[in-house]
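Me: I am new to this structure and would like to learn how to read its features one at a time. Please give the general idea first, then the case here.

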Amino acid sequence: MAAPAQPRLNLATFCGGRGRMAGVELKISVLADRPDLLETMWEMESPWPEFMRHDPIGNTYYALAEQFADCILMVEDSVGKQLAKAFSAPFHLADGEELPDDGWDGAIRRALRTKLAGDTPNMISAIEISIRPDAHGLGLSGTILAALRDNAGRLGFRELVAPVRPNGKSDLDLPMEQYAFQTRADGLPVDPWLRVHVRAGGRIDRVAPRSMVIPGTLADWRDWTGLPFDTSGKVYVAKALAPVVVNVEHNYAVYVEPNVWVRHKTARAA
C-alpha cells in the first residue's frame with residue numbers, strides 16, 4: 001500500500017533545483033500544480049507513429065488524464081517553452097501477482113478501474129515519456145525518467161514500474177523474449193531505451209507479450225500507414241515492433257505489441 005502523498009510541489013524544487021542537460025536549463029512541474037500547462041501539453045508535437053495513436057485503452061487514459069494530474073510531469077526550458085511531458089498512473093495489483101502480460105494496456109486498465117472503484121493503489125506505472133522532436137539528443141530521457149521515479153516516491157510508492165517500448169528493435173519477427181535480454185560487451189542492453197532504464201538503476205523484470213493491442217478495419221490501417229492492406233497474413237509497418245496480422249476476408253487487422261517490464265526503486269524503498 002502506498003503511503004499518503006506528500007504535499008504537492010514543484011519538482012524543480014523537489015529534485016534539488018533546476019537540472020541542466022546539454023546546456024538546457026530545465027523546470028519540471030507536476031500538472032496538478034500547473035493546470036495552465038494543460039493546453040500546451042496537448043499541443044506538443046507527438047513523436048509517435050500514427051497507428052500508435054489509436055490504442056483504445058490508451059486513448060481512454062488520455063481522455064481522463066486530468067484525473068491523474070498528480071502523476072503527470074511537464075518539462076519546460078528556462079523561458080517556459082515545453083520540451084517534454086511524462087505520464088504515469090497508479091493502480092492496484094493483487095499481492096504476489098506478477099506484473100501483467102498485458103503491460104501498457106493492463107497498467108492503464110487497472111489504473112482506471114482502481115480510480116473508478118475508489119480502491120487504494122499499491123503500484124504506479126510509467127505510461128509515456130514524450131520529448132518534442134527538436135529536443136531529441138539533449139540527454140533528457142534519463143533526467144525525466146528520474147523525475148518520474150522521484151514523483152512516484154513523493155506519492156508514497158516504493159517502486160516505479162514501466163512497460164518499456166524497446167524502440168531499437170528492427171527485426172519484427174524476432175521474439176521480444178530474445179531481443180529484450182541481448183546485451184553489449186559492457187553488459188548493458190543493446191536496445192537504447194532499455195539501456196536508459198538500466199543506467200538509471202532499473203531492473204528488467206519480464207516481457208509483457210500483449211502490452212498494446214491496436215485493432216482496426218483495413219481502411220483504418222490504410223489511413224494510418226499508407227499501405228494497401230489487401231492481402232491476409234503479416235504486414236510489416238515502419239516503427240512497429242512486431243508484424244500486423246491481417247484478415248482481408250473479415251476486414252480487420254490487429255497489431256499486438258510486446259513490451260518489457262522494468263522496475264525502478266524509489267527513495268521510499270531505501
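Me: Which charged end sits over the ring of Phe68?

Reply: A charge sits over a ring if NZ of Lys or CZ of Arg is within 6 Å of the ring centre and within 35 degrees of the ring normal. Here the charged end of Lys115 takes that place, 5.2 Å from the centre of the Phe68 ring. This is a predicted model, in which local features need pLDDT of at least 70 and side-chain atom pairs count only at pLDDT 80 or more, while totals for chains, interfaces and linings use all residues. Residues are numbered from 1 along each chain as its sequence is written, and side-chain values use heavy atoms, with hydrogens and water left out.

Me: How many aromatic pairs are there?

Reply: Rings of Phe, Tyr and Trp (its six-membered ring) pair if their centres lie within 6.5 Å; planes under 30 degrees apart are stacked, over 60 edge-to-face, and the rest tilted. The count by this rule is ten aromatic pairs. One of them is the tilted pair of Tyr61 and Phe68, with 5.3 Å from centre to centre and 35° between the planes. The rings of Tyr61 and Phe87 are edge-to-face, because their planes are at 75°, with the centres 6.2 Å apart. This pair links distant parts of the chain, 26 residues apart: Tyr61 is in helix H3 (residues 56-63) and Phe87 in strand S5 (residues 82-91). Helices (H or I, at least four residues) and strands (E, at least two) are DSSP runs, numbered from the N terminus. Trp42, Tyr61, Tyr62, Phe68 and Phe87 form one aromatic cluster.

Me: Is Phe68 buried or exposed?

Reply: Buried means under 20% relative accessible area, exposed over 50%, and partly exposed in between (1.4 Å probe, protein chains only). Phe68 is buried, at 3%. Tyr61 has a relative accessible area of 0% and is buried, and so is Phe87.

Me: What does the salt bridge between Asp205 and Arg263 tie together?

Reply: These side chains meet at 2.9 Å, N to O. Asp205 lies in strand S8 and Arg263 in strand S11, so the pair ties together parts that are 58 residues apart in sequence. Asp205 counts as partly exposed at 25% relative accessibility, whereas Arg263 counts as buried at 18%. Salt bridges that share partners join Glu159, Arg203, Asp205 and Arg263 into one network.

Me: What does the side chain of Lys169 reach?

Reply: A polar contact is a pair of N or O atoms within 3.5 Å; within protein, one must be able to donate a hydrogen and the other to accept it, and residues adjacent in sequence count only if both atoms are side-chain atoms. The side chain of Lys169 reaches the backbone oxygen of Leu174 at 2.8 Å. Lys169 is found in the loop between strand S7 (159-164) and helix H6 (176-179).

Note on methods. A salt bridge is a side-chain nitrogen of Lys or Arg within 4 Å of a carboxyl oxygen of Asp or Glu.
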